[in-house]
Amino acid sequence: MAVWRLDSKTQTLLLGAIAEEMPSVLYWGPALSKTDDVQAYLGLAKIGITGGMLDDLPALSLCPQRRDGFSAHLGLRGRDTEGRLLNPKFSTKDVEETPSSLIVCCADPDLGLTYQASFHVKEQSGVIAARSRLTAAQPITVDWLSTPVLPASQAADHMVDYAGRWCREFQEQAIPWRAGQYVRDNQTGRTGHEYFPALLVPDIGATQSHGMVQAVHYGWSGGHKVVAEELPDGRRQIQFGHASYSSQEAATDFETAPLYLAVSEQGYNGIAIQYQDFVRQELITAPTPERPRPVHYNCWESVYFDHDLAELKDIAERAHSLGAERFVLDDGWFGHRDDDTSSLGDWTVDPRKYPEGLQPLIDHIHGLGMTFGIWFEPEMINERSDLFEAHPEWVLGDLDQPRGRQQLVLNMALPAVQDYLYQAIAAILSTYPVDYIKWDHNRILPLSDAAQTQGTYALLDRLRANFPLVEIESCASGGGRIDYGILERTHRVWLSDSNDALERTRIQYHSSLFLPAMMTGSHVGPRDCHTSGRRLDMTFRAWIAAQRHMGFEMDPRELSDEEAESLRTVCAWWKDNRDWLMKAHILRLDHQDPSLYAELHRSMDQKDFVVFANYTDTNGQISPRPLRLTGLNPDKRYRLKLVNKQELVPLSMGETALAMQDHIEASGRYLMTQGLNLPWRFPCGAWVIQGEEITDEDKK
Ligand code: GLA
């Protein structure tokens, strides 16, 4: 009998095993005290048995197997080269325990299989990364390999995950726990708008700021499968892995991607803090971390494929005058790309549009003091392209497959494809001073193949190694490839193709559990939104973009003087605050108002914060309810100021202190218990309330 223990600053994981059996996770929850006698917990984990059960309850091991009597979803499904199902019996060979890792090694010598589960602590965030690896003496086929199986809380009545679609990513859904399996098996070959690879298990009653929540995120861009199952005895298991049948070829070595674990006793916000810290401090490696995040201008929605040098220069000047610091040249600069029917694959500058190459445009942009970024969609190919004429055999899947956005996909597993793309992209990066790539991926794949994802990772890794100063944004028709696998290699995500501030409010709010502000792109779109037809006020559009990594995407020539001034003001506010804001924790506020999406962004030193109270609709009762803040020190006092008081309309009457006074002061306890009375406002608008701790210095 043995118990192994792994502690991060936020959670404890206990593994236990009787004799040589494969270990199980005995405990996965908030950090246990160092003095807790965990050896006793193997015995305490035993549950009652009655008629109708096996005499000895099969363990919910790290990779549960039929041979152990486990009759629910197995942790591994493999076949030998003749197609016979493997039915392994693993026993533990070794457990390597260090202060920051546990590595469990099990084997079935008869079948020549070795199973390894590893757990690594991420020190700064407290997140634990777990993955499984299977090696075989002879080639086998693996249809399913789960990350180390985790027990889900039995004090939860539902779980939470995300569905979505183009322009409406991160649709949160609550799934009731009930007997049997909840399975999502993403066969799109990429992360997808539809399947964000995460699952949350909130205990009954958990809120944004209170209660226990377990969370996992699968760091893989090729599509995942999740199984959340309640067994007949009440135990619940969570399995994650590559989408089933992702390993097309027989092989001897299989590995899952890492599953990132977080546990909170402070509701969803405790999860948000860990994942945001993890992404910002441990996952993303910014080329120039000391450089403030630049305000972006992206020309897609202003010119689409219609590139004209003089016009682009004019747009760049106007964008710069509004506050932009980086100009991103989107789709349309290469091949003969006048619409989306041609040229993907031909990554050379279109001489019709740019007779002297890109340098004149870049010189102009640099002359304004902005940096230059450029769009690629490397993994794709159009039939109308030189590349297709030369290499139709590079296409992934059959040529009679349905097209997506009229395009086909390159087989990224082929070294020749990787080399070609590397050379083509490297040629642009070596010829021109590019500091940013928007890396797009605009269709689902004809098949789900882990080798495709690995090929893309290899290409990204090679480019990163040789062009370390270039930042990369992951885009896939907006948020179709957002996961911790791609974020290990990129620096920003294009959260959605929707620049509609209403849609954005919701998408940003739900994605904040997993994505810190500094890598979540958010742009001010056109007055009439191109993807929803809605017309929203500039102040709202600007404040929504200012809640993440800010940018603009509208044609600046359409702006009225008043709109331009509003945007300039918000952009200047963002720049004044970005140093702490881009490192802040985004905490969500509990309240009763379905029209309100409210976030509090708190600085790392917890002395500064800003509340964004985003109203997407009119509220049900006639006055806004008091908004309770969170994450403040109850014993400190704070000074708060309504930043955008000028947005008060005559219909907003009443003497709310925030509207009447230059600032207000209150203790953290008052603000977190009684809450803030906000002025009445029109819907589709945001109140912005900035707060700071009152220090002893201030009091003198
Ligand atoms: C995708 C992206 C857009 C834009 C277009 C260009 O749809 O999400 O932002 O780059 O491609 O074709």
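## The shell around the ligand

The residues of the shell around the ligand divide into 4 nonpolar, 3 polar and 6 charged, where Ala, Val, Leu, Ile, Met, Phe, Trp, Tyr, Cys and Pro count as nonpolar, Asp, Glu, Lys and Arg as charged, and the others, Gly among them, as polar. This is a predicted model, in which local features need pLDDT of at least 70 and side-chain atom pairs count only at pLDDT 80 or more, while totals for chains, interfaces and linings use all residues. Residues are numbered from 1 along each chain as its sequence is written, and side-chain values use heavy atoms, with hydrogens and water left out.

In total, 13 residues surround the ligand, and the closest are Asp330, Asp331, Arg405, Lys438 and Asp497; a residue counts as near a molecule or strand if one of its heavy atoms lies within 4 Å of it. Polar contacts, which are pairs of N or O atoms within 3.5 Å, are made to oxygen atoms of the ligand by a polar side-chain atom of aspartate 330 at 2.7 Å, by one of lysine 438 at 2.7 Å and by one of aspartate 440 at 3.0 Å. Taken alone the ligand exposes 300 Å², and the protein buries 96% of that, with accessible areas coming from the Shrake-Rupley method with a 1.4 Å probe.

Strands are DSSP runs of E with at least two residues, numbered from the N terminus. In strand β15 (residues 224–230), 7 of the 7 residues are buried, so the strand is largely enclosed by the rest of the structure; buried means under 20% relative accessible area, with a 1.4 Å probe and protein chains only. In a regular strand the side chains alternate between the two faces of the sheet. Here His224, Val226, Ala228 and Glu230 point one way from β15, whereas Lys225, Val227 and Glu229 point the other way.

Two strands pair if DSSP finds at least two bridges between them. Strand β12 (residues 180–185) pairs with β15 in the antiparallel sense over 6 bridges, and arginine 184 has valine 226 in β15 as its bridge partner. Strand β16 (residues 236–242) also runs antiparallel to β15, joined by 7 bridges, and histidine 224 stands opposite histidine 242 in β16. The hairpin of β15 and β16 has 5 residues between the strands, and in this hairpin glycine 234 takes a positive phi near 100 degrees.

## A buried loop residue

Glutamine 208 lies in the loop between β13 (198–202) and β14 (213–218), and this residue is buried, with a relative accessible area of 13%. Leaving aside residues up to four places away in sequence, glutamine 208 touches Gln266, Gly267, Tyr268, Asn269, Tyr509, Arg588, Leu589 and Asp590, where contact means heavy atoms within 4.5 Å.

Conventions:
Buried < 20%, exposed > 50% of the residue type's maximum accessible area, 1.4 Å probe, protein only. Helix = DSSP H or I, 4+ residues; strand = E, 2+ residues; numbered from the N terminus. Polar contact = N/O pair within 3.5 Å; in protein donor to acceptor, adjacent residues only side chain to side chain.
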